[in-house]
Amino acid sequence: MPTLLVVGATSDIAEATARRFAAAGYALQLAGRDDAALAAIAADLELRHRVVVTVHRCDVVEAEDRAALLGGLPVLPDVVVCTVGLLGDQRENETDPAVAERVMRANYEGPALLLGSLAEAFAVRGTGVIVGISSVAGERGRASNYVYGSAKAGMTAFLSGLRNRFGKTGIHVVTVLPGFVDTRMTEGMALPPALTAQPDEVAQAIWRAVERRKNVVYVRPLWRWIMAIIRAIPEGLFKKLSI
Amino acid sequence: MLDPAGTVARGNGRAYGDAAIGLSTTIDMRRLDRLIAFDDATGLLVAEAGLTLAEIIDIFLPRGWFPAVTPGTKYVTLGGAIAADVHGKNHHGEGSFRRHVAWFDLLGPDGVERRCSPEEYAELFHWTMGGMGLTGTILRAAVRLRPVESAWIRQRTIPTFALAETMDAFEASADATYSVAWIDTLASGRSLGRSILMLGEHARVEELPAKTAGTPFARRRGLTLDVPLTPPFSLVGGPVVRAFNALYHARNCRRAGEALVPIDGYFYPLDAILRWNRIYGPRGFVQFQCVLPLASAPAGLTAMLSRIAASGTGSFLAVLKRMGTEEGPFSFPMEGYTLALDFPVGRRTEALTAELRAMTRDHGGRLYLAKDAQMTEAEMSALDPRGLGFARWRGEHGLAGPLRSHQSERLGL
């Protein structure tokens, strides 16, 4: 029975992903910060799919927690999905360096260092799939969310580098760019329905990407074209736009 | 947290009227769908209120468990099933949903979560089941599932040719686990009330043919159809219904007797057609469901069926069912007969359903709030004086202001 490690397991995307893999018979390792939420999600997964679930308290921005997680896993997972992300409030990110630091560390430093360590372990074994949830916000810095976006840009580059490093091996790296998703992170925002995915759709996209060894996945295909256009706008023009 | 101007929780949106539309705010409960615990020995399931019966069946039928009571669609949530106190084809034997609820956690407008059961907050417990979401928001519940041996129903089909015969057949099958009749609402004269009575029992493993007995829980799911768009007018007119009804009755007369049928087909024939409501066109349809007490049911049903047949506005989905004893302070069922009908929306049907409501009142019956979209406050207080008691109780407990749906406003609840 294969095993999936979900990091940031209490997020809506993570829970949907855990259900999708459990339905296919995966054992689950759930890592997150909120013990009570982890226990509730684990109980649901065990009852729903009768799979083995272990929970691991871990704040990925803390080096000690990362080390404890890696040391405490009952087995090295076959697949890891990292859904850790923190949007923050852009204005607060601009004015309070401590808040911005938290956003940068939660979206880049913590996840990248954890996935890097797992990649080392996968390299020793020779197999493994690493799935990182990055963001279309990392494709080009914009005034509305560049603190979050720059950290996600780092994450995207890190995943791209890992994929290149393991390109000729049995280790596979997937970058997921969900676009807008109807989750707690975006609660209260007015999002265009056509560009907004449900957590189940993201979970299914991740499942397919792992099954079919895809590299970079846009959950709603329209985002690929939108971001291609946004990336193509000349900087002189781009800096005057508000998008 | 709650909007003081009027909030109500919404499950999977399967009530036919405005019961789950908050006056100013509606709480979407579907994301709260986690399983919390299950006891293999007793069948007691604890889950969050947004879990649907469809999910419960998908998860637990392969393990030998099925909802103790299920309405005609499995796409309802636990919370919705409790709030509407739904009933099923086994009401005469097993009662409504409430009889199988051990407890639930209710979030009041005061922000306090209360575990309600027959022992704790008993009054709140009983008003909530059938209380249409107007006593608080159900967060999680413990309900009993029933053990079954297969995903098959042993169905006995009994065609009848007149109302008295249909009712006699119901009375004679009180020991059947499930019973329901499709009734031809356009038949008149001597054929008034002709029906197809369908009795059902959960098939035991030894009753299955050899090739299915090995995998008794494998579900045979027929084709799922969809109505991808709304036609500009209703496809369900009088002549269509008349032709359909004649064919359906004749076809089932030939099928009289016993047959093994898949569990989904027996309980949820309409769930196989996604968005079936669209066949009624852009104006949609209204549901009418009443229950008449046993003593006045023959006269009441005769009057109603004669009126419907005369109108020529037949109902495709006409269901007659014998109900068992009344339970709870504000639940729909009472001992007698319940008749459920669909009509395309239009001026003619508005007059027709108003007459049917008056007939229900004259025969001492009441209407099902989960189906109702049309009753007025005056009709409600004449038909079901229990509503006045419910409204008073809500007022006394600080629930009447913050918990309001469009239905509760319309009916003065």
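Helices here are DSSP runs of H or I with at least four residues, strands are runs of E with at least two, and both are numbered from the N terminus. On that basis, chain B has 13 helices and 18 strands, and chain A has nine helices and nine strands.

Before going on, what we are looking at is a predicted model, in which local features need pLDDT of at least 70 and side-chain atom pairs count only at pLDDT 80 or more, while totals for chains, interfaces and linings use all residues. Residues are numbered from 1 along each chain as its sequence is written, and chains are lettered from A and ligands numbered from 1 in the order in which they are written.

I will begin with overall size. The radius of gyration is taken over C-alpha atoms, and the globule rule is 2.2 Å times the number of residues to the power 0.38. Chain A has 243 residues, for which a compact globule would have a value near 18 Å; the chain has 17 Å, which agrees. For chain B, with 413 residues, the rule gives a value near 22 Å, and the 21 Å of the chain agrees with that. Along the principal axes, the C-alpha atoms of chain A fill a box of roughly 55 × 40 × 35 Å, and those of chain B fill one of roughly 60 × 55 × 45 Å.

Now chain A. Two strands are said to pair if DSSP finds at least two bridges between them. Chain A has an open sheet of seven strands in the order S3-S2-S1-S4-S5-S6-S9, with parallel pairing. Which strands stand at the edges? They are S3 (53-57) and S9 (216-218) of chain A; each has a single partner strand, so one side of each is left without a neighbour in the sheet. On average, neighbouring strands of this sheet are turned by 15° against each other, direction ignored. At one end of the order, S2 (residues 27-32) of chain A pairs with S3(A) in the parallel sense over five bridges, and Leu30(A) stands opposite Val55(A) in S3(A).

Next, the helices of chain A. Axes are lines fitted to C-alpha atoms, for helices over the stretch in contact, and angles run from 0 to 180 degrees between N-to-C directions. Residues are in contact if their C-beta atoms, placed from the backbone, lie within 7 Å. H5(A) lies across S1 (3-7), S4 (79-82), S5 (127-133) and S6 (170-177) of chain A, and runs at about 165° to S5(A).

H5 (residues 97-125) of chain A also packs with H6 (residues 146-165) of chain A, at an angle of about 10° and with the axes 8 Å apart. That makes H5(A) roughly parallel to H6(A), the term for angles under 35 degrees; over 145 is roughly antiparallel, 65 to 115 roughly perpendicular, and the rest oblique. Residues making the contact include Ala100(A), Val103(A) and Met104(A) of H5(A), and Val147(A), Tyr148(A) and Phe158(A) of H6(A). The contact divides into 13 nonpolar, two polar and one charged residue. For these classes, Ala, Val, Leu, Ile, Met, Phe, Trp, Tyr, Cys and Pro count as nonpolar, Asp, Glu, Lys and Arg as charged, and the others, Gly among them, as polar.

On to chain B. Domain bounds come from an automatic or database domain assignment. Chain B is divided into domain 1 (7-148 + 379-411) and domain 2 (152-374), with C-alpha centres 23 Å apart. How many residues does the contact take from each domain? Domain 1 of chain B gives 39 and domain 2 of chain B gives 34. On the domain 1 side, H3 (91-94), H4 (122-128), H11 (377-383) and H12 (386-396) of chain B each supply at least two residues. By class, that side has 15 nonpolar, 15 polar and nine charged residues.

Chain B has an open sheet of eight strands, ordered S13-S9-S11-S10-S16-S17-S15-S18, with antiparallel pairing. Its edge strands are S13 (257-262) and S18 (366-367) of chain B, each pairing on one side only. S9 (residues 152-160) of chain B pairs with S13(B) in the antiparallel sense over six bridges, and Trp152(B) has Pro262(B) as its bridge partner in S13(B). H10 (residues 347-362) of chain B lies across S15 (285-293), S17 (336-344) and S18 of chain B, at about 15° to S15(B).

Last, two hairpins. S3(B) and S4(B) form one with four residues between them, and Gly43(B) in the turn has a positive phi of about 80°. S6(B) and S7(B) form another with five residues between them, where Gly111(B) in the turn has a positive phi of about 80°.

How values were computed:
Two residues are in contact if their C-beta atoms, placed from the backbone, lie within 7 Å.
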